[in-house]
Amino acid sequence: MNKYLNNINASYCCGCSACVHKCPKQCLRMSQDKDGFFFPIVNNREACIDCSLCAKVCPMENMVESDYPHTFYGAYNTNKTDIVNSSSGGIYPSLAKWIISQGGIVFGASLDDEHKLYHIGVSTESDIQKTIGSKYFQSEIRDTYVECKKELDKGRLVLYTGTPCQVHGLKRYLGKDYDNLYTADVICHGVPSSKMFDAYIDFLEKKHNGKLVDINFRDKKRNGWSITLRYTIEYSNDKRKDYYLINKLSEYFMAFLGGYIERESCYSCPFSSMRRPGDITMGDFWGYQFKRPDLKHDEGLSLIIVNSEHGKRIVDVLHRNGVQFNAVDEECVKASENKNLYKPTLRPEVRSVVYDELQNFGFEYIAKKYFRRTQTLRNKAKNYMPVALVNIIKKLK
């Protein structure tokens, strides 16, 4: 069996489920632990034939081997709708629309009506919206590796997107290269559990005495390209109201960005390096101005890293479809805020107790104890003044 199943050490498993789907005897299944993270468990030890496929497909045990010479770009979509609806430069919707225009299918993470996060496959342009945007907790892969293989074997064009461990898990599961497969991994800070996110939703609903009916982790409509959480509460009189929180005012974001609530494997992530599993790597290009202030783009700028010949094809296609690419060097990338390209998120001491305290005392307790900023008048002015000024300037134009 693989290293995690032999040792049951949480840091050895990224939760991708490749081992479960590859097992020829269905000996394994995914199960949530007490903190809400998914791990494989053995549900039929007698059927195991010791084939070691669960070890051969594990992305944590089999590193990315490519030495392809990277190229780097600051990129943005010139389609206004695509870039406003995206978290950064609007690259993903352009790529997804091209795949679907060729009769293909796109796999990505989607929030359902109950705010559960799953990977799904979409094959119409209208459904792409379900998979657009950053979501800051772990997506369940479910059967999408299996579905992806079926579509590839039929000769259909496929795009698969996700965190690096999810993309590498897919490639290990497939076991061979497909010319009709395109992949994109994201620059990942780590993933909290669905249990932590569910607790945050419950906290917001109690705070407003209503039901949360929609949430967008990176809404651009009010504050532009930033980390602004927008959530919609429906009240008992059927009226709805939108609330906006910049990252410093959201206890959940403060916990996530501080690295306090991530999966254990994220603190020793082998994909926090330039050995990338995706054909391209995508991420926010905050900090580009330290080396390339000329790239300024207020609606969002993406860092795109080309990791393969397929990645080069993607750039060529996107360039023809309205994406502006500006070449940068790696020194510009290193100077940016994309530190997880080179090292994992640091594990704070609080991580050892925060999920137990969530279980015993609830989200409000851990929020107040660790993540809530004291909102003095001075702090409020500091947090809100830039937004207010931006809105005034917009009205004057």
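## Terms and model

A residue counts as buried under 20% relative accessible area, exposed over 50%, and partly exposed in between (1.4 Å probe, protein chains only). Helices (H or I, at least four residues) and strands (E, at least two) are DSSP runs, numbered from the N terminus.

This is a predicted model: local features need pLDDT of at least 70, side-chain atom pairs count only at pLDDT 80 or more, and totals for chains, interfaces and linings use all residues. Residues are numbered from 1 along each chain as its sequence is written, and side-chain values use heavy atoms, with hydrogens and water left out.

Strand β4 spans residues 105-111. Of its 7 residues, 6 are buried, so the rest of the structure largely encloses β4.

Two strands pair if DSSP finds at least two bridges between them. β4 runs parallel to strand β6 (residues 158-162), joined by 3 bridges. F107 has Y160 of β6 as its bridge partner. With strand β5 (residues 117-122), β4 pairs in the antiparallel sense over 6 bridges. Here L111 is bridged to L117 of β5. β4 and β5 form a hairpin, with 5 residues between them. In that turn, H115 has a positive phi of about 65°.

## Helix α6

Helix α6 covers residues 144-153. T144, Y145, C148, E151 and L152 are buried there. Seen down the axis of α6, these buried residues fall within an arc of 125° (taken from the directions from the helix axis to the C-beta atoms), so they line one face of the helix.

The cover over the buried residues of α6 includes β4, β5 and β6. It also includes α2 (18-22), α7 (164-174) and β7 (181-186). Contact here means heavy atoms within 4.5 Å. After α6 comes G155, with a positive phi near 90°.
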